[in-house]
Amino acid sequence: MPRLSAAGRRGAGPATLAKGKDSVGRIHILADQVANQIAAGEVVDRPASVVKELLENSLDAGATRMVIAVEGGGRKLIRIADDGSGMVRDDALLAFERHATSKLRSSDDLLSIATLGFRGEALPSIASIARVEMVTRAAGESSGTRMEIAGGKLLLCEDAGAPPGTTLTVRDLFFNTPARRKFLKSETTELAHVTALVTHYALAHPDKHFELHSATHALLVAPPVRQAAERIFQIFGQDTLDQLLPLAAEIELAHAGLAEPPPWRRPADYQAAEPGWLRISGFTSKPELEKLNRNSIYCFVNRRLVRDRLLMHAVSEAYRNILAPTSFPVVLLFVEMPPQEVDVNVHPAKTEVRFRQAGWLHDFVRDTLRHKLTMGRPAAGFLHALTAHPSSASALVSPSSPWSPDFAQWEPPSSGGWSPGTLPGPEQPADDGFHLTGPAVPPSPGVLPFAAPAIVPGAQPSSLAAAKGPSSCSSALAPEEEPEAGPSLHGLASLRPLGQLRDSFILAVNQEGLWIIDQHVAHERVLFERVLRQRQAQQVERQRLLMPMLIDLLPAQMVTFAAIALELEANGFEVEPFGPRTIAIKAAPAGLEGSALERMVVEVLEQAGSPEQAENLEAARTRIAASIACHAAIKVNTALDPARMEWLLAELAGTEHPTSCPHGRPIVLRYAWKDIQRAFHRI
């Protein structure tokens, strides 16, 4: 803040005052047009942003049918027609004024926002950088209203005939801001963003009708269905649905932290609000399906699409020690909670949110996903594993999307309505084994009702559930409506070993088919879970060395050693400094000796010392346990007698996650009996 000089404080002379009259200030209030364009820069960065804002307005208006049309990737034309509540003439005029909204009345309403939009900035911001036409009619009105606005200026407002609802057309996006227009990508890329956005909102609202049309294609036609699983089948096909595991869980919210008005603002008849419930539903991929980035993790909070770091981290933690650190799953996650438990007014585009009880929600999401993977124990197919590999392509993208590999060969359906036979299907499977289309078969009935509480009310999710026993979370699916079970590892206990392949892989059989087990990673998973259990019970088996093992370290490694020395001791090590850059190992966990022990210690210190490996205590525990298990496990090229193979298979069957080793490599592949019969033309 500027300070006045001594002369200024005592009063200025005539010459000074005269000089002040001639001076011109540099601060001024921006014109409304400029302010709207600045706001548009925060809200609208590409055509998909316009579609998002208008689509959310339609959903807030109670629309059950939305038809979206785009041309030129959204640059030339965006039109959204809905059958929502519509507007009367006065409301239509006010809708294009800044901060005009029907969704808020006072600041108290910000504490419990239940709508997708609420600021009243989208329409004036869009109208300031495009040519906009709106035709709207409220139900019960004899006529509608037609308005035209270009560059923020009202050109026309007249009565017009129209069906109930609103049709909003946006042409020539960024026509008066060429600097913004030149930063747009190609038409194909922009159309892909629009397609992905509409597809995801169609997934979030299966009970509503969505259509998306380009100039040449009907990109999406999705009539309303009862369940999210039916919507996934409707858009992507049965192959995609088979790759996903359904999620459903709920828990009563803790009373601590609920938003309440202060005592002096409470009415005489005030009663505290019910805490409500936290519900999670959606789908998560089997461990065999891997992606190279997080672009296939879609999170919805109260049906709002968000990119939230907390939820992303919870998903990654659920798959820790199941997938490789550089691989990520495909997740469609819906989080439902009371509006007062989440703050959506923290980002201009409303793509980020804040949770009142963030840590509690994080643990619940992580434990729910982890529990589903533990209970499902999905088995990887041998034939699928031959072609599957991690991909950076975004999953859950409509087959008619420009991002889909089949878009160039895809032909639009001949009729306007959807039917199972009109689903486009590829001639070849996708390279990553995750097929976004499938055979045209009738949709199956529902899969995700909330039939019963998933968790005992009041139970707290364990922060160590990823490394300990069964989670407190469980599926809320009704037993009679469970989807048909896919291939699983529940049959491991019945395996009968036949022998080894090159002393590295165990061949075994049961009624389900032929199984191939990697003996090293199988033993690694067994040891990993055993080390974690012993660490939790503080009963780690250790062995003393006849002579201390001396290891020379770098200065940075000595700093890392000092930070994790207590955790190493809790895992069975007895290590102490032996000079400025040397440590002496006097005892180690059972099974580690010689060069394997030295490599394990150096590996742990190098991983912990890397900047990208900043981690909490739990992550350090699991990483150390994984390293111990890896170096102590049975190696490849090691002959095993039948009794040893039977023991290993029995131990593997008793683990929580026999699907993969702690570093994400698959343990078991199954050649199903039906696939064997099909290969020999028996069926």
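This report describes the aromatic pairs and the charge-over-ring contacts of a predicted model.

## Basis of the description

Local features require pLDDT of at least 70 and side-chain atom pairs pLDDT 80 or more, while totals for chains, interfaces and linings use all residues. Residues are numbered from 1 along each chain as its sequence is written, and side-chain values rest on heavy atoms, without hydrogens and water.

## The pair Tyr201 and Phe300

Across the whole structure, a search finds three aromatic pairs (ring centres of Phe, Tyr or Trp, the latter by its six-membered ring, within 6.5 Å; planes under 30 degrees apart are stacked, over 60 edge-to-face, the rest tilted). One of them joins Tyr201 and Phe300 edge-to-face, with 6.3 Å centre to centre and 85° between the planes. This pair links distant parts of the chain, 99 residues apart: Tyr201 lies in helix α8 (residues 187-204) and Phe300 in strand β11 (residues 297-301). Helices (H or I, at least four residues) and strands (E, at least two) are DSSP runs, numbered from the N terminus.

Tyr201 is buried at 0% relative accessibility, and Phe300 is buried at 0% (buried: under 20% relative accessible area; exposed: over 50%; partly exposed: in between; 1.4 Å probe, protein chains only). Tyr201, Phe300 and Phe334 form one aromatic cluster.

## The pair Trp360 and Phe364

Trp360 and Phe364 are stacked, at 6.3 Å centre to centre and 10° between the planes. About one helical turn separates Trp360 from Phe364, because they stand four residues apart in helix α12 (residues 358-376). Trp360 is buried at 13%, and Phe364 is buried at 0%.

## Charges over rings

The charged end of Arg303 sits over the ring of Phe334, 4.8 Å from its centre (NZ of Lys or CZ of Arg within 6 Å of the ring centre and within 35 degrees of the ring normal). Over the ring of Phe175 sits the charged end of Arg131, 4.1 Å from the ring centre.
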